[in-house]
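Hi everyone, thanks for making time. I'd like to walk you through a few local features of one model, so please bring it up on your screens.

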Amino acid sequence: MPSLEPIRPRNQPIDSGSEDEADPELVELLRQHLGLSGKPNKAAPPETKVLENAQYVFDNAIDVALSLTHTKDAAETIWRMMQKKAYSTQTWSEHELHPQTKDESTVDFVFTMDLLNFSFWSEHKEEKRFAIEYRGKKWTGYWSLVAALQRALDEGIPITTPDFWVNESECTEEVLRHVFRSATDEEIPLFQERVQCLREAGDVLCNEYGGSFVNCIDSANYSAAGLVNLLTESFDCFRDETVFHGKRVRLYKRAQILVADLWACFDGEDFGEFHDIDKITMFADYRIPQMLHQLGCLRFSPPLESHIRNQKLLKPGSNWEIELRGASIWCVELIKREIEKRHPEVKTAGKSDKTGEPESEDSDEAIEIDEKPHKTYGINAILIDFFLYDTMKDLEAEHSESIPHHRTRSIWY
């Protein structure tokens, strides 16, 4: 890369008294504007650097590639299906297990939910995997966590209260095992790691933020990126970072999904009001790479594809795992840009529109996408992620997935 500094002939003296000498303050301002200064710009808006790091991972990936043709085709398909289903922030609250109230207790619930939102996959068949029995149903995966929290609250256990987490005489391991008791013989994966997350987060909240995550939201000053940065700086268990080819890479799955869930839960208002919500990327886990492969957007090298199909473990922080996650973030970003290019109206569409009623989500509608919708709903990486995740779960329930998801045991996702 060419030097960013002017080249001066060797041994040529600098004439400090020259009338043409640049004003040092003006030079520094210019360098800050161009992002070349080593000094931090305190007035600059917060940035998570997740997207920038994801592009770096993609640019240097060896075993994960992207098909631009399939990505462009997928963008149109995704847009049409999301419009047909009236996919918006309202969709989040439509699930029977998600909180219906919209107050500070809901913030506590969402924080606890995403604090523990990781590693639900199982090596067992569906009927034998970890499951929570609640409201007459058995819930697995992510929904098992939400069901466990709701069940605990129904039983009078203050599972969403930081003061409770740090009180080890009341919040004992025995109590927590009761909270996450399974309807099968398999217990919740990484139980000890979840206990550690609760203890650590409770300690930070009680000692630094008055015992409430609401104070963290206030500290972020309506910035989604600012809140992500606060989470990853204050809480070790949200600091989803690694090193890839010598560069620090930020992926921040759970920190970002926490901000996104607040935004969706509160419909972009009150505790979910963020002026820069579109800085949040998709949430790099194991479902979205699976779905992007299903759509033909992501391609895997033969060794990696064989590894995934044989359901072998991928070590957290390994090159393959980082490439899968980073490329997925970048792919969803390209999908979003393609949608905005073809349908610029989505940029101004009401993302908190309350008038649209979602249509039936039966399997036939997932195929019939020919009708052009009459109403336009907003698009960002969050909503695309939510939609792809839900669609992948539907395909899995129908045994229609083209490839298994990759398997990594980690607290990051």
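Let's begin with S119, in the loop between α5 and β2, which spans 132-134. This is a predicted model, so please hear every value as computed from it. The phi of S119 is near 50 degrees, a positive value in a residue that isn't glycine. Is S119 buried or exposed? With a relative accessibility of 1%, S119 is buried, because the cut-off for that is under 20%.

There is another residue of this kind to look at. L190 sits in the loop between α8 and α9, and its phi is near 55 degrees, again positive and again not a glycine. L190 has a relative accessible area of 21%, so L190 counts as partly exposed.

While we're on loops, have a look at S169, between α7 (162-166) and α8 (173-179). S169 is exposed, at 64% relative accessible area. Its side chain makes a polar contact with the side chain of N167, at 2.6 Å.

Now back to α5, and on to its partner α12. How do these two helices cross? Their axes come within 9 Å, with a crossing angle of roughly 150 degrees. That angle is over 145, so α5 and α12 are roughly antiparallel to each other. The crossing is right-handed.

Which residues meet there? On the α5 side you'll find T106, V107, V110, F111, M113, D114 and L115. Facing them from α12 are R254, I257, L258, D261, L262 and C265. Sorted by class, this contact has 9 nonpolar residues, 1 polar and 3 charged.

My last stop is α11, residues 224-234. How many of its residues are buried? The count is 10 of 11, so to speak a mostly covered helix.

Key
Residues numbered from 1 in each chain as written. Predicted model: local features only at pLDDT ≥ 70, side-chain atom pairs only at ≥ 80, totals over all residues. Heavy atoms only, no water. Helix = DSSP H or I, 4+ residues; strand = E, 2+ residues; numbered from the N terminus. Buried < 20%, exposed > 50% of the residue type's maximum accessible area, 1.4 Å probe, protein only. Polar contact = N/O pair within 3.5 Å; in protein donor to acceptor, adjacent residues only side chain to side chain. Axes fitted to C-alpha atoms, helices over the stretch in contact; angles between N-to-C directions. Parallel < 35°, antiparallel > 145°, perpendicular 65-115°, else oblique. Left-handed = near helix turned anticlockwise from the far one by under 90°. Contact = heavy atoms within 4.5 Å. Nonpolar A, V, L, I, M, F, W, Y, C, P; charged D, E, K, R; others polar.
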